[in-house]
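Subject: Structure handover

Hi,

Here is the structure I promised to pass on.

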Amino acid sequence: MSLLQVENLRVELGGAPVLQDVSLRVASGQIVGVIGESGSGKSMTALAVMQLLPPGARCTGQVALKGQDMLALTERQLCRMRGRDVGIVFQEPMTALNPLQTIGQQVAETILIHEIVSRAEAMARAARTLERVELQVPPTRYPHELSGGQRQRVCIAMAIALRPELLIADEPTTALDVTTQKGVLDLLKQLVAEDGMGLLLISHDLGVVADMADQIVIMQRGQVVETGRFCDLRHSYSKALLAASDHVPDRTGAGSEAPLLQLRDVVRDYPTPRKGWLGKPGRFRAVDRVSFEIRRGENLGLVGESGCGKSTLTRAILGLEAVQEGTILLGGQPVYDGQRANRSIRRRMQMVFQDPYSSFNPRHRVGRLVSEPFHLLETAPQGVEKERVIAEALESVGLQAADRHKFIHEFSGGQRQRIALARALIIRPDLIVLDEAVSALDVQVRAQMLDLLADLGDRFGLTYLFISHDLSVVRNVTDRVVVMRAGRIVEEGKTGEVFENPKNIYTKQLLATIPRLPENA
């Protein structure tokens, strides 16, 4: 008998079906990967298994855990099973953790709820569980004091504190760099092997699932379209996902030899609480004498693991943080006028962030959001001209002019990213910085966004700086790549040459962590 058996599962919200006849099985010691684009029903399936569906949801079919029908249990009975028999790890650890409690208290909470033990014993077991997930920080730390990878390990510790027989991991590595991602995935594999638990792994990253899963479940529009191994997938939708995962956009334009952005020995320090020599304030060097350039019309990739200084360097390039030493030039003109950003230069650069929803004010309509960069112009368009420019920006990214009257919550993740791109384009910058701009998108939406970026680059002569931990995307869309570690540039060159023949040992280690699809997939 399977550990988890889902048969003909159907979920309706407001009378509309969101899952239809979903069937899958997970055995003890088995890893089953669930793949599909956004809205395919992956996360809804996980919530149905846990019976954590939204209010008003109607669920029929069969969800059996160890032969126990989950749909027939009362909420009290379900609460006894959640955390003890089945655990779940969510995509965003910061929203899953309580910012007011230490990580030790949060892991101990699971133990205290399900077992009659003293608080001291629960805290001791929590500390051992945190050690088991290889978290090298004291249990007295708070979530905000940890990195993204460390927070995800805390969430895993909470989920496995009572050694459940089934673990559900819903996009557990989406926001992590490749090195941290590999550490988390290796940990999940180890836990499956040691405890013999079943793992239901939900992801839009086909490379991750290919490397982890014994069985693959492909979902589309709330239905399972195919189940099997990667090498056996035959459905047209499955093949479309595989093709999109390695998509290379067509570009007709080519970068010139003229440099657009130049960095020369850039240094960015931050004060630290620790005192230095002779009691002087300590300093932490986040960017250490970085030098490189981006040519006009070129796509440059900036890669490195979390904490290497990419984001700090990006803020300096955009004029958001002054540098202590070195110069940053755009079109031969300094970005900084003394310690302040040069306004006329600043308007020639724009940013597209990783999470578009958090970068927009949800109370404003799209028209106002897209027109925010107008404050950088000497004379901003007004009245009918302003409406025309907003409509043109939205249409250039594949949206409708009428979308300017909507709110940001009315759009999908891919559409929000298009709106973010429209906001960046509206004042016709020379350089657009893309900070993990496609990492949270499923493979098909990501392919569409990359095609759009290539088309806009050709049409408007744009130069892109791609900052990403998704090295497969960097390989497919950039002309050159810069590898950063501990605030320094350790390798730079043409993308193909760096990926095929890396010189630096860190670059080799970074490339070795890329999840890869089987060659026969």
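Buried here means under 20% relative accessible area, exposed means over 50%, and partly exposed is anything in between. Please also keep in mind that this is a predicted model.

**Helix 1**

With that cut-off, helix 1, which covers residues 42-50, comes out mostly covered, with seven of its nine residues buried. The buried ones are Lys-42, Met-44, Thr-45, Ala-46, Ala-48, Val-49 and Met-50.

**Two single residues**

Ser-2 sits in the segment that precedes strand 1 (4-13). Is Ser-2 buried or exposed? Ser-2 counts as buried because its relative accessibility is 16%, and the cut-off is under 20%. If you skip the neighbours within four places in sequence, Ser-2 is in contact with Arg-25 and Val-26.

Asp-455 belongs to helix 15, residues 443-460. Asp-455 has a relative accessible area of 35%, so it is classed as partly exposed. I also have a distance for you: the C-alpha atoms of Asp-455 and Gly-207 are separated by 27 Å, and these two residues are 248 apart along the chain.

**Cavities**

How many cavities of 30 Å³ or more does a search of the whole structure find? The search turns up three. The largest cavity holds about 60 Å³ of space. Its lining is made up of Leu-434, Glu-436, Ala-437, Val-438, Ser-439, Phe-466, Ile-467, Ser-468 and Val-473. By class, the lining of the largest cavity has six nonpolar residues, two polar and one charged.

**The second largest pocket**

The second largest pocket contains about 580 Å³ of space. It is lined by 31 residues, and those closest to its centre are Asp-205, Asp-470, Ser-472, Ile-514 and Pro-515. Sorted by class, the lining of the second largest pocket has twelve nonpolar, eleven polar and eight charged residues.

Which helices supply at least two residues each to the lining of the second largest pocket? They are helix 7 (178-195), helix 8 (206-212), helix 15 and helix 16 (471-477). Helix 16 gives the most, with four residues.

That's everything from my side; over to you.

Cheers

How values were computed
Residues numbered from 1 in each chain as written. Predicted model: local features only at pLDDT ≥ 70, side-chain atom pairs only at ≥ 80, totals over all residues. Heavy atoms only, no water. Buried < 20%, exposed > 50% of the residue type's maximum accessible area, 1.4 Å probe, protein only. Contact = heavy atoms within 4.5 Å. 1 Å grid on protein atoms, 1.4 Å probe; cavity = no way out; pocket = protein on both sides within 12 Å on 5 of 7 lines; lining within 4 Å. Points joined across faces, edges and corners; volume = space filled by probe spheres on them. Nonpolar A, V, L, I, M, F, W, Y, C, P; charged D, E, K, R; others polar.
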